[in-house]
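Student: Could you take me through how to read a few features of this structure, with the general idea before each case?
Tutor: Gladly; let us begin with strands and their pairing.
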Amino acid sequence: MDKEKVRQLLEAVARGALQPEQALARLRDLPVDDLRFARVDLHRSLRHGVPEAVFCQGKTPEQVVAIVRRLAENHDNILATRAEPAVIDALTGAGLECTVHAEARLVVVKPMAHEGVGLIMVVSAGTSDLPVAEEAAVTAESMGNRVERLYDCGVAGLHRLVPHLDRLNEANVIIAVAGMEGALPSVIGGLVDRPVIAVPTSVGYGASFGGVAALLAMLNSCAPGVSVVNIDNGYGAAAQANQINKLASKVR
């Protein structure tokens with residue numbers, strides 16, 4: 001149950017349209033539902049403003065469907081991340097309303113469009129970084145943010161990035177996604193006065209060590225205002241950007 005639904009419940013009690021016992025019955029199952037194999041956090045939206053997301057990797061399709069179905073009883077825009085084709089088939093075949101974002105490897109269950117607030121810019125260094133960048137962009141949009149994408153602007157051709165500096169300076173926060181040497185977030189951090197969330201990707205040849213080279217480069221950035229999330233963690237970057245953007249937009 002999210003904040004708005006709890007508010008509606010309390011308002012119904014206040015105006016006498018609902019008895020307190022009836023409201024208690026609706027709240028009785030909160031905050032956790034034990035499915036034996038998973039303890040579903042039904043209060044995540046009340047604490048963080050967005051429902052619990054389901055990380056599908058390592059779960060069976062049946063487990064994912066059961067968790068998502070329980071969340072869908074009280075929430076919209078439920079994210080199923082790292083969704084492989086078998087999970088996507090199970091979700092779409094379960095009768096749940098779904099929007100599949102194949103490039104982001106992400107499914108939004110019970111999708112509900114928002115008029116996004118503020119501005120989050122998602123910038124990628126290369127086309128190979130798009131799965132991670134799209135995971136960040138779609139996640140941020142589902143959380144109610146206005147998102148703009150700027151892709152394939154890596155440091156090997158900075159002339160592709162420079163014409164967009166004005167737009168980057170309009171954003172409340174920037175997510176910069178890069179593999180290889182991972183230099184893009186430092187470059188952006190040196191050009192704008194906005195918080196930059198750096199996302200290293202596992203894209204690169206052997207000595208990139210599956211994204212470790214980019215991760216270490218970003219952690220050692222000398223540009224101010226650059227924070228770093230884990231390798232390929234587009235979801236984590238979007239969750240942090242969502243909080244920064246809504247804080248700047250004064251949305252609670």
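Tutor: Two strands pair if DSSP finds at least two bridges between them, and helices (H or I, at least four residues) and strands (E, at least two) are DSSP runs, numbered from the N terminus. This is a predicted model, in which local features need pLDDT of at least 70 and side-chain atom pairs count only at pLDDT 80 or more, whereas totals for chains, interfaces and linings use all residues. Residues are numbered from 1 along each chain as its sequence is written, and side-chain values use heavy atoms, with hydrogens and water left out.

Student: In which sense do E5 and strand E6 pair?
Tutor: Strands of a sheet pair through backbone hydrogen bonds, either parallel or antiparallel. Here E5 and strand E6 (residues 106-109) pair in the antiparallel sense over 4 bridges, and His101 has Leu106 in E6 as its bridge partner. They belong to an open sheet of 4 strands with mixed pairing, in the order E3-E4-E6-E5, whose edge strands, E3 (54-55) and E5 (98-101), each pair on one side only.

Student: Which strands does helix H5 lie across?
Tutor: Axes are lines fitted to C-alpha atoms, for helices over the stretch in contact (heavy atoms within 4.5 Å), and angles run from 0 to 180 degrees between N-to-C directions. Helix H5 (residues 85-93) lies across strand E4 (78-81), E5 and E6, and runs at about 160° to E5.

Student: Which residues touch the most other members of the largest nonpolar core?
Tutor: A nonpolar core is a set of buried Ala, Val, Leu, Ile, Met, Phe, Trp, Tyr and Cys residues joined through side-chain atoms within 4.5 Å; buried means under 20% relative accessible area, exposed over 50%, and partly exposed in between (1.4 Å probe, protein chains only). In the largest such core, of 22 residues, they are Val123, Leu161, Leu168, Ile174 and Ile188. Apart from this core lies another, of 21 residues, including Val64 and Ile88. Leaving aside neighbours within four places in sequence, Ile174 is in contact with residues including Met121, Val123, Leu168 and Arg194.

Student: With which residue does Arg194 form a salt bridge?
Tutor: A salt bridge is a side-chain nitrogen of Lys or Arg within 4 Å of a carboxyl oxygen of Asp or Glu. The side chain of Arg194 meets that of Asp193 at 3.1 Å, N to O; Asp193 counts as exposed at 60% relative accessibility, whereas Arg194, at 26%, counts as partly exposed. The structure holds 13 salt bridges, and Asp33, Arg70 and Glu73 are linked in a network of them.
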